[in-house]
Amino acid sequence: MILVSNRLPVTIDSIDGNLTARPSAGGLVTALVPIIREQGGSWVGFTGTDYDSRLTGVLNNWHATHNYSLHPVYMSSSERECFYNGFSNQIIWPLFHGLASRCHYDSAYWHSYRNGNGKFAQSVQSIWKNGDFVWVQDYHLMLVGESLRRRGFRNRISYFHHIPFPTPDVFEALPWRTELLFALMHYDVIGFQTLRDVRNFVASLWRFLPDTRITHFGKNLLVETRGLTATIGCYPVSIDFAEFNAAGSPVTRATAAAIAKEAGGMKVVVGVDRLDYTKGILQRLRGFRRLLEMHPESRGTITMFQIVIPSREDIPEYKQLKISIEMLISEINGEYSTPGWTPIHYFHRSVPRDELLGYYRAAHIALITPLRDGMNLVAKEFCAARADDLGVLVLSEFAGAAEELGNGALLVNPNDIDAIAACLYSALTMNEAEQERRMKMMRSTVRTNDVFHWARSFAGDTVAFAAEPPLAASRMAGD
Ligand code: ADP
Ligand code: G6P
């Protein structure tokens, strides 16, 4: 397997001329590391730096301890600015999350995106060996398939889209909408997180490539347009359930005990996010404040731990959000704290996995309120960590995870501050029998549909598509 993603699981920072390595953060890395660690293979991705010969040793030795190799793609700071900060994160990211007003359209970004995708394609081509399964990941690399085809690459290439795909009415704002859709059609299999994303993608194909023909292909769809054929399917990404379900290390137990001690019998609410405006962190804090306003009896009985990991800090919106979050937390704490009670504890840093498990276990409520999210793995991690079958998940109805966890979570519209407060109140007052009933259902879903199931289904469908001629497809009703 050759995994291709913008980010390698390790990011190198160059600080004052010194190189430091840190684990990369985010759902994509969380999902893919267990897969490639188990299966072996190669991972092609960006190091975070320009070319640096000092890195060669670090990257070359990776295979010996991790069972897979790293193949770096280097980018200069101007490439990073236009390809990563620009096209990927100031056009596609906001637009695909339905936040069109945050987009900064710039044709220089588009050119850099094309070139950047070409760079990744070149790197894949240089290591590909007969029979390798090339699996491209996420929105930074939508053009890699097309670029590989232009270089004469004839083998299977699949793509998984980790973020939402917007409705055609939102997608149409993109000046390069047709080029992008047509490029995606060069992949053999295209995977989305939810049925909603599949529907939106198909609707955009019909709108912007009107000669597209769509038929059923097993449980997937077969799409044909301008001589290109791809299958499209829904594959909700997941986590390594067993890893989060396991007892954890002494650090896990010590963290859970320290939080319980700090809480002193109060109910603990936890929020864990990359610092991103799509995560609805401000809305969640306002919801928490509304609870304190509406239910004065809850004051002193509940405390929130909001953990954010710094993300995309070169982009002004992200810098501004950090300030807004910190101001709001300080306002709420200033308004409500009493001696011995701090309503919100705030951490702005990466927390190691075993410590994070301690937070999940000590929490009474996980409050997860993205305005829109491809999946949201934190929701699944919280459930997997709750081997005691207790705890309440309050989850945005606009997270992909809501499609799978809606049977046990309290679903909420993250734009509705009163509803967040009401859900928090229901969670606070939910008895253990009800918590257990709900948590059991969610845990069973995550246990069955873990990340290995995700990868197997995707890879299996790629093989099936390779084996079966597209003519086996039956026409889609009403098409
Ligand atoms: P996204 O993919 O947008 O980053 P997800 O919720 O799917 O959102 O995945 C986030 C991942 O990052 C999860 O695996 C979560 O545990 C991890 N994470 C989030 N915040 C932190 C933090 N402060 N420290 C360590 N890991 C974090
Ligand atoms: C989301 C995206 C990933 C990305 C991650 C972290 O999960 O789907 O592709 O890697 O966020 O963002 P970053 O910009 O730090 O890679």
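1. A backbone N or O atom of Val-378 lies 3.3 Å from an oxygen atom of ligand 1, which counts as a polar contact (a pair of N or O atoms within 3.5 Å; within protein, one must be able to donate a hydrogen and the other to accept it, and residues adjacent in sequence count only if both atoms are side-chain atoms). A polar backbone atom of Arg-349 is 3.0 Å from a nitrogen atom of ligand 1.

2. The model is predicted, and local features need pLDDT of at least 70, side-chain atom pairs count only at pLDDT 80 or more, while totals for chains, interfaces and linings use all residues. Residues are numbered from 1 along each chain as its sequence is written, chains are lettered from A and ligands numbered from 1 in the order in which they are written, and side-chain values use heavy atoms, with hydrogens and water left out.

3. Around ligand 1 there are 19 residues, of which Thr-30, Arg-274, Lys-279, Val-351 and Glu-381 come nearest; a residue is near a molecule if one of its heavy atoms lies within 4 Å of it.

4. Arg-274 has a polar side-chain atom 2.7 Å from an oxygen atom of ligand 1. A polar side-chain atom of Arg-274 also lies 3.4 Å from an oxygen atom of ligand 2.

5. The residues around ligand 2 include Tyr-84, Tyr-139, His-140, His-162 and Arg-312. An oxygen atom of ligand 2 is 2.5 Å from a polar side-chain atom of Arg-7. For Asp-138, an N or O atom in the side chain is 2.5 Å from an oxygen atom of ligand 2.

6. The chain is assigned domain 1 (2–237 + 453–477) and domain 2 (246–448), with bounds from an automatic or database domain assignment. Their centres, taken over C-alpha atoms, are 30 Å apart. The contact (heavy atoms within 4.5 Å) takes 26 residues from domain 1 and 23 residues from domain 2.

7. The two domains bury about 2000 Å² between them, 57% of it on carbon and sulfur atoms; buried area is the accessible area (1.4 Å probe) that two parts lose on being put together, summed over both. In domain 1, Trp-93, Arg-102 and Arg-196 lose the most area to domain 2, together 26% of what that side buries.

8. Across the interface of domain 1 and domain 2 there are 0 salt bridges (a side-chain nitrogen of Lys or Arg within 4 Å of a carboxyl oxygen of Asp or Glu). Polar contact joins 7 residue pairs across this interface, both residues at pLDDT 80 or more.
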